Each structure stands twice: as C-alpha cells, then as structure tokens.
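Reader: I would like a close look at one part of this model. Please keep it brisk.

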Amino acid sequence: MNNLDAKQLDAAAVALLQQWQAKPEHTNQDRMAIPPQPMPCQAPEIRRHNMDEVSSGYSAAQAMLEANRCLQCPTHPCMEGCPVKLPIRDFVGAAARGDFDGALEIIKQQSLLPAICGRVCPQELQCQARCTVGKIFKKPESAVAIGRIERFLADREKTGTAPTLLQPDTGKRVAIIGSGPAGLACAADVRRAGHDVTIFDAFHKFGGVMLYGIPEFRLPKRIVEQEVERLRQIGVKFVPNFLAGRTRKLTDMLEKDGFDAIFIGTGAGLPHFMNIPGEDLIGVFAANEFLTRSNLMRAYERRQAATPLPEMKRIAVLGGGNVAMDAARTALRLGAEEVTLIYRRTEAEMPARHEEVQHAREEGVNFRMLCNPKRVIGNENGFVTGLECLRYELGEADASGRRAPVAIPGSEFELPVDTVIIAIGNGSNPLLRQTTPGLAFNAKGNIVIDDCCRTSIPGIYAGGDIVKGAATVIFAMGQGRIAAAAINQQLAEE
Amino acid sequence: MSGDDYTVLQRQQLSENVFRLKIHAPSVAVERRPGQFVLVAVDADYGERIPLTIADADPQAGTIDLVFQKVGLTTSLMAELPVGSHLAAVLGPLGCPTHITPRRHVVCVGGGIGVAPMHPIAKAFHEAGSKVSVIVGARSRELVILEPELRAFADEFILCTDDGSAGRKALVTEPLKEICEREEHPDLVVAIGPPVMMKFCTAVVEPFADIDILVSLNTIMVDGTGMCGGCRVRIGNEIRFVCVDGPEFDGRLVDWDSMLKRLQAYRPIERRKLEDHICRMEAAADAREKTQQ
C-alpha cells in the first residue's frame, strides 16, 4: 500500500546513483531521464493517528539524484521566483556534486531558516513554478524538488556549528517584537551587523506561528527550537511574556529604555468569523484557538495537558487554506471519527498548497466543495449539533480572477457535527493601534510601511502579517530582512 | 521585562477557597492600571493560561497582588504554591484600563471574588473626586474580602450576604435598586462579579436612562493578546474580544445568555482534571503517611 517507504526509496536511489556516477558525462537528456524522487512519507492510515512528521525527508542518494535533475540553466528563473532570492541553481549544483556542506553554506548566505523554509514554503508557486524542467515536461510537479533538497541539506547539519560571522559590537540596541519568522530573520541580520538584539514575545515560548500555528506533523517543534537556539548562540537575547503596547509602550522603549530601533513582527490578528447565527455556540472554534490549544498547549497529550479540547467526533472545518488543512488534519489526529472540510468554491480555487490538500485527502478528510454554511445548529445547552449549509455553483470571474461562487436557492442541507472550526483568515490586531499614538494604520488596521519597512514613526519598522494580513513564512522572513537592512543603515548613519 | 521572575512573595488565605498571592513582576506592576488583568500559567509545557484580575500593585516594590478562587486545576495548583516558588508565566497588564474620569456619583458593586478587581477601580474613582458607594456581596461572612480596604475610602458601604451572617440578608441588586431610585440618581454603576450577578445588576439599571453601567467580563482565554478568538462575546450584536476590546463593556449591550452558556464549555472536562489532581494528591499523601509509619 505504502509506496513511499523511506528504505525502499533510498535503495532504488542508491542503485540509480551508482549507474549515474558510472557514466563519465551527462547530457540534458540524461538529466531529464532521472525519475523525480518521491518524498518518503508515513502511510496515511498510520500517520492520521500520530503527531509525528508526515515526511521523513530525502536520503543522501535521493537528494543527490534529484539535484542532478537540474539543468543548471543560465537564466536560473527559479531564483527570481524566490522571495529572498536564494541562489538556488548554485546550491542545487553543489548538492548534485555531493558537496552538501558547500550547498548549505550557499543557502545560509541568504536564508536563515532553511529547515523551516524547506518544509513550509509554497515552492510550487515560487521557485519550482519557474523551473525549466517543469516547463519542458509541461508539468509543474515535475520541476526539480528544490524545497526537498533544501530541507535535506538543512536537516543533515548537526546543531552547534560555528556561529555566523559577526561584526564587532556597536553598542546600538534593537528590539524585535514577536519571535515568528519575520522577527527571527530580522534579528539574525541586525545581530550580524554587530548590534545588540532583544526579541520579545507575548508567549512563554519562542517561534510565533511556527510554534502555535503550524502543527508538529508538518513542522516539528524541535526544528524551530534549533533556530531559536542558533540565534541565542550568536548573542540574541529573548524575553518571554512581553506584550508590546501593554507590558511596555513602543515609544517608551525608544525614549526611555534605550532602544535605537524597533521591528514589529507581531503577526496577524483577530480571526474572522462567518457572522452567521449560532457562531457563539459551544464547539465553534476559530482555527487559531483550536490549533493553539493543540500545538502550543499540547492539548493532544490529553493526560498531561491542562488545556482541554473537548472530545470531538464529527467535525466541520470551514475554509480552503493551509490553516484549514492543518485544523482538519489535527482534528483527525485528536481522534475525530469524521472530518469534513467545507469550501464554497472548488478545489482548483483553494489557496492551500496542493501537497497539503493531497495529504489531507489521503488521511481521510472529506471534501465538500461548493458549499457554504448558513447557520450553526445547537441544543438547549448551547452545544453544537449540526451545520446547515447551502450548495453553490461557480459564476462569473470576480476581481481576483477567481470565479465567484453563487448560492443555489433552496439547496439547504444539514450536516450533523459536534464541532465547527472556522479557518477563513484573520483581521488585524487593535492592540498597537490602541497604545501607539502616531503609528499609521490602513483601513484594514494593518501598519502602513514604505518599501524599506519603515513605519510612520522614525526608528520603528514593521513587517510580515501585521502589514500584509495573512501571508507566508517566507514572505515574513523576506520582510524581516528588508527591515533589518534599513535598520542597519539607520544605525550606521547615526 | 528582565527581572520579572514571578516569585511568590506572600501567600494569604482569605477564606476557605479564596487566596491572595503577592507576585514579583516589576514590569507589570509599573504599567498596570485599574481594570486590567494578567494571564497566568503554572507549568510552561502543559499548563493552561488563565486570566486573573490584578487586585493591587506596588510599582516601587515591583509586585502585583492576585486574588483568586480555587475552582479549576490551575487555581488549585496556585493555591498550593509555597512562598519562594515561581509561576511559569505572567503576561500583562492586559486589556483596556478603566476609563477613569470624575463622575458625580459612582456605585461600585462587587460580588464574591469580583470584589478584588472592583477595589482598585472604586479607589481610582474616589481619587478622581467622585462620590463612591460600594456594595459588596458574598454568600456568607467568611467569604467577604477586602472590607476594611474599601471602608477606608468609600462614602457609603453596604454589605450583603446570602445567609445574613453579615450585613444585610440580601442580594446586591436590592441595595443597588434602592440607590438608583433615590431622588438624585448615581450616574455610573460598575458591577464586577459572577456573570449572573452582572446580568441582574444590568437589569436593575436598565430602566434608568441616565445611569451608565459598566461590567468586567472574565471569559475563557488562551493567548490573551488578540489572536485566538476564544474570548469572543456578543456586544450589541457585534463580535467583540474581551482580551483586546474589553474586559469592560457597557452592560446594556452584552448578550448575557450566550456568554453564560459559553462559560460552561469546559466544566465537565475541568471537573475531571481537578478530580484527577485531587486523587493524585491523596495518593501522594497516603504514600507519605505509609513511609512515616
């Protein structure tokens, strides 16, 4: 049943690699004849009952074979597709020669979190979408698996390697608010320039959305902890239980606490709700709450964890993004008997990564496309008992180019569920607006920045979801680095 | 910021199930204002995060006082914390501070443990030059807290107990109604206590269009920073979040019935966890006894 067994895949790759290495020279035809290397995965019927990572990662032979599928084309369009402009062709080239250390060195000049990006970047929309190999085959999924190679390289590095080269101490102090991807990336670049960096987080643990949002089976917590540890090793300080704006006002940090600059990377804010009747019934969760309870507070370890999640049998998840997939798959692992994902368009319009949709389907999540809930139904004690939905059909394309779903009148039907998880995105967080006079926000409540991530207050920078609404880990990292460059420039000029 | 080690400096049992802890948390102590709260966890890996109101703070000493009632697992563990031990996390001060402006006459109603967060608010209105009437309600004499502190400044102090063991044998709504019906109406009522009490205080004030009513909601929270959406309440038909929009709301706009139901969500699970904990404590005590014999 499971054709993605790690041992079998490795044995096949080792055999192929021997033949490959026996040939003195390789043509592009040879390269294109190498079969794309599948990712070893836990079998769906097993992994839906555990929190362990779904994919165990390439073996060395697989990584080297996959890297040899790259044609090393002179235009390297993959690099253009990368938000942080990683020299992809070069590190893949090094990996193809078996120079894994050299390959990782190339990545690390540009990216600080390769183990994380290799796992959670939407490569199929970025680097791999532009890959020449995928174009030649007219199949994007035949592109060189850049993300898997990146992950392999990052994972094989042992912890405690030599710290990145640091500039001499400048005595300048920078506060980073939030320890998610934007904050960590910004911190690393600012610290490397010799500045004193302190990261503040509202939680008692560090990693932000990579900790409380993305589940263990997709991004193991130890990977995030390693990245945090790496920053500690180069002298970055971490302060937990600190809510900027409330524990301390941003302006006080600049004017009284001696910080020369502040980067705000506090992430997305309050979850959106559907605004349908019954949303305040017991058993209706925002995905943020559901995932935080499970991931950060470890509610999945029911015996030890003090934070409860109710016993859930039949669950409806509303939404079609990665967060919806994470929630649906977490629900399965928490022991749900039936998980139904409800999305008002079709699978083609789903914003979730194809791989996540496929994994969810394999694990047994039911997909009800072209449906939207009308109301949540509850019993006299206020507990959810069902969800009334309407069927939809696709109409004309809307402003975003996607065909707008249109409700079919009279098509109501009821789905018996005891839990409803809402994963339809986040709004902004009003906290900094309430507590930071002079900081400019747009109509959506997001912080306004310029091209260099500067806000309306000199010395305060911002990036990631707090300026964009929900985006990706790599986008947030990219903005963290843009802000870091601007901060380093400001501090050099002072 | 640094230096906040959340050490338990003092521990006081106020009544059978109510405790007061003095915690070392200088950055919270400096910034906190009346009406604000903190999130507390007793265990970094497996602990839950619960909201507790700040009863008092001393910015010079860098301490905050938390008054809480033993109801669930975390509050039971907190009640057992010895002086010198640490909480795993204290995040705060959270929520919007009470908007303190001089009012003509403020009636502050505190029920049970709600007297603790009511105290700094009443004091702040007094210091702002308002006439302050205080109504304190408790089940019985032993459960009355902070009486001397409140009497020290209140222009009027009314104590009610359910069983009549101290003060009037009445619910707090009775004297509240009398004050509202006086010839000169108060212009603000602040009610903090069990949700049912706040709901009925609102009902008393409802007919008096010239009296504002402010209530402080204590819902279930996870992060307390405007991320999880667990603390949502319906305020005048809109979804609002207690952690960042509250904790204080216009009592007239609160959808009390929906909120009361949501507070019951985890009762059965919480009871099980607490029973588990008590079982383990008893087993440990038995084991200790056996080794002593």
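How many salt bridges does the rule find across the interface of chain A and chain B?

Author: The rule finds 4 salt bridges across the interface of chain A and chain B. A salt bridge here is a side-chain nitrogen of Lys or Arg within 4 Å of a carboxyl oxygen of Asp or Glu. One salt bridge joins A:Lys249 to B:Glu31. Their closest N and O atoms are 3.9 Å apart.

First, the ground rules. This is a predicted model, where local features need pLDDT of at least 70, side-chain atom pairs count only at pLDDT 80 or more, and totals for chains, interfaces and linings use all residues. Residues are numbered from 1 along each chain as its sequence is written, chains are lettered from A and ligands numbered from 1 in the order in which they are written, and side-chain values use heavy atoms, with hydrogens and water left out.

Now the interface itself. On chain A, 52 residues are in contact (heavy atoms within 4.5 Å) with 45 residues of chain B. The two chains bury about 4,200 Å² between them. Of that area, 57% is on carbon and sulfur atoms. Buried area is the accessible area (1.4 Å probe) that two parts lose on being put together, summed over both. A:Asn241, A:Arg246 and A:Asp280 supply 15% of the area that chain A buries against chain B.

Between the chains, 16 residue pairs are in polar contact, both residues at pLDDT 80 or more. A polar contact is a pair of N or O atoms within 3.5 Å; within protein, one must be able to donate a hydrogen and the other to accept it, and residues adjacent in sequence count only if both atoms are side-chain atoms.
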